[in-house]
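Today I looked up salt bridges in a structure. These are my notes, in the order I took them.

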Amino acid sequence: MDCPLFVVDAFAGAPFEGNPAAVGLPPGEAPEAWMRRVAAEMNLSETAFVRPLEEDFELRWFTPSVEVDLCGHATLASAHILWEEGRLPREAPVRFRTRGGPLSARHMREEIELDFPRVEPRVVPPPPELGRALGVSVVACARARDDLLVEVASEAVLREMRPDLGLLARLPARGIAVTSPSDAPAYDYVCRFFAPRVGVPEDPVTGSAQCSLGPFWGERLGKRELRAYQASPRGGSIRVRLGEDRVHLGGRAVTVLRGRLVV
């Protein structure tokens, strides 16, 4: 299959920052097995495949090992490519049909803003092995759909964590979002995200995690607009705006590779 293929750094102000996502534009409906093999070949936290429908686009996301229901950075990357490649005019919003429900993206000045579902975290007792797996003390634990949200004492604790990924992969969660208040006045909170169970040891910047982290910190800080920084080795910032049942995620994107997949 001759398929245009791109790599985009999402939630990034410059190349080689943020979270890289591959975006494929297959000429028609692609076999699932083929998409899975392409994602494994790309070996990024997510590879997205975008297919035009009558009035919107089908969007699917794959890690190197599984298909996922929701992904923020690869959605931002996909919208960026559709506008950049002239598949849609820049002023037109992009509407996606996904396993996670309808999503959309639009340009907001220098950023792209995503419209995602709001996920209310539910406080739960921490799993017995959680603290040992993370190597830190757990201040609070909540469940947000398939993920665990874990608050730790400080940004210093969060940045210095060296979790046991083998133990994390055995916890009953797709991923573990670790968070704390930010020390920097430019941000409200910081986070890291680990998902070794689905083939992503540490995700550089995780848009979908903000669907629950935003409400978590919005309630504590009494804010509806927040700035988040994901303190991975690459790092990236996300603007979070809370609606009643939606979360709006803002960030930038930079294309770093254009090519064609010929197999």
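Before judging any residue I wrote down the cut-offs: exposed means over 50% relative accessible area, buried means under 20%, and partly exposed lies in between. I also noted that the model is predicted.

Entry on the count. I found 24 salt bridges. I reminded myself that side chains of opposite charge can pair when their charged atoms come close.

Entry on E84 and R258. I looked up this pair and found a salt bridge, with 2.8 Å from N to O. E84 sits in helix 2 (residues 72–84) and R258 in strand 18 (residues 253–261), so the bridge ties together parts that are 174 residues apart in sequence. R258 has a relative accessible area of 52%, so I put it down as exposed. E84 has 36%, so I put E84 down as partly exposed.

Entry on E111 and R227. Their side chains meet in a salt bridge at 3.6 Å, N to O. E111 belongs to strand 8 (residues 111–117) and R227 to strand 15 (residues 225–230), so parts 116 residues apart in sequence are tied together. Is E111 buried or exposed? At 15% relative accessibility, E111 is buried. R227, at 27%, is partly exposed.

Entry on R241 and E113. The closest N and O atoms of this salt bridge are 2.9 Å apart. R241 is in strand 16 (residues 236–242) and E113 is in strand 8, so the pair links parts 128 residues apart in sequence. I noted R241 as partly exposed at 24%, and E113 as buried at 3%.

Last entry. I found a network in which salt bridges with shared partners join E32, R36, R60, E67, D69 and R99.

Definitions and conventions: Residues numbered from 1 in each chain as written. Predicted model: local features only at pLDDT ≥ 70, side-chain atom pairs only at ≥ 80, totals over all residues. Heavy atoms only, no water. Salt bridge = Lys/Arg side-chain N within 4 Å of Asp/Glu carboxyl O. Helix = DSSP H or I, 4+ residues; strand = E, 2+ residues; numbered from the N terminus. Buried < 20%, exposed > 50% of the residue type's maximum accessible area, 1.4 Å probe, protein only.
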